[in-house]
Amino acid sequence: MRVLYVLEDYPVSSETYVETEILYFLRHGVEIAGWCRRQDPSRPAGSVAVLGGSLKDAMRAFAPDVIHVHWIPVAQSAVVENPAVPVTIRTHSFEFNANSVRALAAHPAVAAVFLFPHLAEIVFQGQNPGK
């Protein structure tokens, strides 16, 4: 399986959860590449290659089976630019907006939205969104 991580920045020392996820999937045979909205060649290398150019360029170059996105604003642009590849989204708390999560969850390209449990209750108010 090939997963393109779509992020704001990578690697970032305060976001070890992203690196932890990536290392877990690499140990389980998942092929991963990254793409960042803020591309900074002066950043130290992470565990995976970060593709340059536009998101569409990265998708063409890597041909992912799944796009995995952290943060709602980044997810919104990834979903718009990608009608064909399933997208999974990991929200956090600082960028949380219930209406944005509902809209993303309803989008046909979105396969799953991963929320903290207390945020999921706010978004779906006891309803099963099916994703």
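Reply: Begin with strand pairing. Two strands pair if DSSP finds at least two bridges between them. Keep in mind that this is a predicted model.

Me: Over how many bridges do β4 and β5 pair, and in which sense?

Reply: Strand β4 covers residues 66-70 and strand β5 covers residues 87-90. They pair over four bridges, in the parallel sense. For a landmark, take valine 69, which stands opposite isoleucine 89 in β5.

Me: Which partner does isoleucine 89 have in β6?

Reply: Valine 113 is its bridge partner there. β5 and β6 also pair over four bridges, again in the parallel sense.

Me: In what order do the six strands lie in the sheet?

Reply: The order is β3-β2-β1-β4-β5-β6. The sheet is open and the pairing is parallel. β3 (50-51) and β6 (110-114) each have a single partner strand, so one side of each has no neighbour in the sheet. These two strands are the edges.

Me: Now the helices. Which strands does α1 touch?

Reply: Helix α1, residues 16-27, packs on the sheet and touches β1 (2-7), β2 (31-36), β4 and β5. Its direction makes about 175° with that of β1. Helix α2, residues 55-62, packs on the sheet as well. Its contacts are with β1, β2, β3 and β4, and its direction makes about 165° with that of β1.

Me: What is the handedness of the β-α-β unit made by β5, α4 and β6?

Reply: It is right-handed. The helix in this unit, α4, spans residues 98-106.

Me: How many helices and strands does the chain have in total?

Reply: Five helices and six strands. Along the sequence the pattern reads β-α-β-β-α-β-α-β-α-β-α. The chain has 131 residues, and 43% of them count as buried. Then look at contacts between residues at least 6 apart in sequence: 56% of these join residues at least 24 apart.

Me: How do I read the two sides of a helix? Which residues of α2 are buried?

Reply: Ask which residues are covered, then where they point. In α2 the buried ones are Leu55, Ala58, Met59 and Phe62. Their arc around the axis is only 100°, so they sit on the same side of α2. Arg60 and Ala61, on the other side of α2, are exposed.

Me: Is serine 100 buried or exposed?

Reply: Buried, with 17% relative accessibility. Serine 100 belongs to helix α4. Beyond its neighbours within four places in sequence, it is in contact with Ile72 and Gln76.

Me: And how do I describe aromatic rings that meet?

Reply: Tyrosine 24 and phenylalanine 25 form it: 5.4 Å centre to centre, with 80° between the planes. That geometry is edge-to-face. Tyrosine 24 is partly exposed at 39% relative accessible area. Phenylalanine 25 is partly exposed at 32%.

Me: Which backbone angles deserve a second look?

Reply: Most residues other than glycine have a negative phi, and most peptide bonds are trans. Check the cases that depart from this.

Me: Where is the cis peptide bond?

Reply: Between tyrosine 10 and proline 11, with omega about -15°. Proline 11 is in the loop between β1 and α1.

Me: What is the phi of alanine 63?

Reply: It is positive, near 50°. Alanine 63 follows α2, in the loop between α2 and β4. It is partly exposed, at 47% relative accessible area. Tryptophan 71 also has a positive phi, about 85°. Its loop runs between β4 and α3 (72-80). Tryptophan 71 counts as buried, at 4% relative accessibility.

How values were computed: Residues are numbered from 1 along each chain as its sequence is written. This is a predicted model: local features need pLDDT of at least 70, side-chain atom pairs count only at pLDDT 80 or more; totals for chains, interfaces and linings use all residues. Side-chain values use heavy atoms; hydrogens and water are left out. Contact means heavy atoms within 4.5 Å. Axes are lines fitted to C-alpha atoms, for helices over the stretch in contact, and angles run from 0 to 180 degrees between N-to-C directions. A crossover is right-handed if, with the strands pointing away from the viewer, the path from the first strand over the helix to the second runs clockwise. Buried means under 20% relative accessible area, exposed over 50%, partly exposed in between (1.4 Å probe, protein chains only). The arc is that of the directions from the helix axis to the C-beta atoms. Rings of Phe, Tyr and Trp (its six-membered ring) pair if their centres lie within 6.5 Å; planes under 30 degrees apart count as stacked, over 60 as edge-to-face and the rest as tilted.
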